[in-house]
Amino acid sequence: MPGTRSSRRRLTTALAGLGLLLGGAAFQLGTGAPAHAAAQHRILFDNAHAETAGNADWIISTSQPDPLGQDSSPSAETDWTGALSSWGVALEKTGSYSLKTLPQGSALSYGGTSATDLSNVDTLVLPEPNTLFTAAEKTAIMNFVKNGGGLFMISDHTGADRNNDGEDAVEIFNDLMTNNSVDSTDPFGFSIDSLSISSDHPAAVNDSTDPVLHGSFGTVTKSLIASGTTATLKPADNPGVKGLLYRTGYSGNTGAFFATSTFGSGRVAFWGDSSPIDDGTGQSGNTLYDGWNDSGATDAALALNATAWLSGAGGGGTGGGSTSCTAAQLLGNSGFESGSTVWSATSGVITNSTGEKARSGSYYAWLDGNGTATTDTLAQSVTIPSGCPATLGFALHVDTAETTTSTAYDTLKVQVVNGSGTVLATLAAYSNLDAASGYTQRTFDLGGYAGQTVTLRFTGTEGSKYQTSFVVDDTALQVG
């Protein structure tokens with residue numbers, strides 16, 4: 001209802017606890033479209049190695065190779081069919097990703113002309129393969145990564161042989177790393193443990209600079225084990241290996257549940273269980289587990305940040321090349337936990353008021369929401385290094401007392417401004433028409449401003465009758 005900033009209250013129904021952060025809409029884009037179209041980062045999901053055997057359903061859509069054949073403009077994860085559809089739809093809705101699936105009966109290749117050939121891909125996702133890669137496929141995968149590609153290896157517990165061929169994902173991945181024609185001398189700096197861990201919520205390490213843990217899709221705190229395994233790190237073999245989340249009671253080189261590494265010009269990510277990427281819905285007859293929305297974890301943010309990092313949206317290999325930029329998050333006080341430090345904001349905008357809920361931590365930015373003619377601003381200047389890809393991300397929640405479904409009475413503009421105050425671009429404009437429960441992730445390509453110092457500015461303008469609250473949290477400007 002209308003009132004002063006200290007008495008503002010959300011007027012839409014809220015989800016309780018962490019379910020607010022990780023629900024079905026938590027990582028979907030709304031109606032605001034970027035003024036500059038983001039680069040299309042090309043992601044290939046493998047379905048040629050028994051990824052749907054047994055109860056597994058590790059696909060983003062039943063339409064293959066192109067998921068857009070099922071729904072060209074998905075607004076919810078159920079618009080695509082598969083236990084990975086939440087992942088796929090979240091990426092699709094950013095407008096920055098081109099997604100394909102390698103169908104059953106196909107083989108991984110590198111150096112060809114097809115859309116699913118690895119030379120035409122930025123990141124390959126291997127979601128719990130259940131058949132061994134052929135010698136030719138292993139050569140293709142290793143050369144792809146060596147030349148700048150991103151590789152996402154998602155395992156499961158030992159003994160998870162879903163097609164009963166005598167091989168499970170642990171064995172298949174270890175075979176890839178130790179029995180290939182390119183480099184079999186522990187190329188990624190880790191091996192996968194032969195374990196079956198029944199349950200745990202592995203915690204993230206304390207590293208505020210890591211783009212996977214603190215990326216444009218949110219902050220990662222924990223993941224989920226629902227029958228999974230870990231990896232043993234071997235930094236002496238590859239000093240680029242790094243554990244990001246660890247099984248409870250483990251640290252250092254043992255018990256790494258999520259790890260990243262480099263190989264040649266490319267990047268690698270390992271996850272020890274397929275349950276975190278399972279959104280609980282898929283093809284008829286499969287028994288699935290909703291780990292994507294697990295209330296004790298931040299699996300969606302982890303999957304999406306890692307995809308961005310591997311594909312070059314967060315820096316890195318781009319299907320045969322790499323950037324010299326150092327991966328970094330440039331915004332100061334990005335989650336507002338230090339109050340108004342670094343940010344320039346209207347008094348009271350940055351708050352820990354209980355009238356709204358932070359997406360993470362305690363503080364957030366609350367623009368408008370008074371029900372009076374109000375203009376609130378939030379801004380920060382940042383220098384984007386020359387020659388670097390750059391992605392702006394933030395979480396936005398909108399609630400309103402407006403009853404119209406057709407007129408935008410209250411607006412929030414997200415703009416790029418130069419040192420003279422001239423608006424260089426309006427990235428998006430949101431309004432009372434975008435009101436929804438929970439936070440929605442917004443992502444924009446700012447690579448066109450590399451080499452410049454610009455100001456990122458949020459301006460909320462409210463009419464004089466009914467309140468609309470624009471709530472911002474977990475900002476990030478990722479480069480490299």
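Start by selecting E92: this glutamate is buried but forms no salt bridge, and K100, the nearest side chain of opposite charge, is 8.2 Å away. Keep in mind as you go that you are looking at a predicted model.

Colour the secondary structure and you will find E92 in helix α2. Now show what surrounds this residue. Setting aside residues up to four places away in sequence, E92 touches L68, S72, P74, W80, Y97 and L99.

Select F45, W87, L91, L99, F152, F258 and W271, the residues with the most contacts inside the largest nonpolar core, which has 41 residues. Several elements give two or more residues to this core, including α2 (85-92), β2 (97-102) and β11 (256-263).

Zoom in on F258. Which residues is F258 in contact with, leaving aside its neighbours within four places in sequence? Display F152, V212, K242, G243, L244, L245, A269, F270, W271, L302 and A306 to see them. Another core, of 34 residues, lies apart from the largest one; L108, L176, A259 and F270 are among its members.

Finish at the largest pocket, which holds about 340 Å³ of space. Its lining has 20 residues, and selecting H214, T219, Q329, S334 and G335 takes you to those nearest the centre. Then colour β7 (214-215), β8 (218-219), β13 (328-329) and β23 (468-479), each of which supplies at least two lining residues.

Terms used:
Residues are numbered from 1 along each chain as its sequence is written. This is a predicted model: local features need pLDDT of at least 70, side-chain atom pairs count only at pLDDT 80 or more; totals for chains, interfaces and linings use all residues. Side-chain values use heavy atoms; hydrogens and water are left out. A nonpolar core is a set of buried Ala, Val, Leu, Ile, Met, Phe, Trp, Tyr and Cys residues joined through side-chain atoms within 4.5 Å. Buried means under 20% relative accessible area, exposed over 50%, partly exposed in between (1.4 Å probe, protein chains only). Helices (H or I, at least four residues) and strands (E, at least two) are DSSP runs, numbered from the N terminus. Contact means heavy atoms within 4.5 Å. Lys and Arg count as positive and Asp and Glu as negative; His and the chain ends are not counted. A salt bridge is a side-chain nitrogen of Lys or Arg within 4 Å of a carboxyl oxygen of Asp or Glu. On a 1 Å grid over the protein atoms alone, a cavity is a set of points where a 1.4 Å probe fits but cannot get out, and a pocket is an open set with protein on both sides within 12 Å along at least five of seven lines; lining residues have an atom within 4 Å of a point. Grid points are joined across faces, edges and corners, and a volume is the space filled by probe spheres set on the points.
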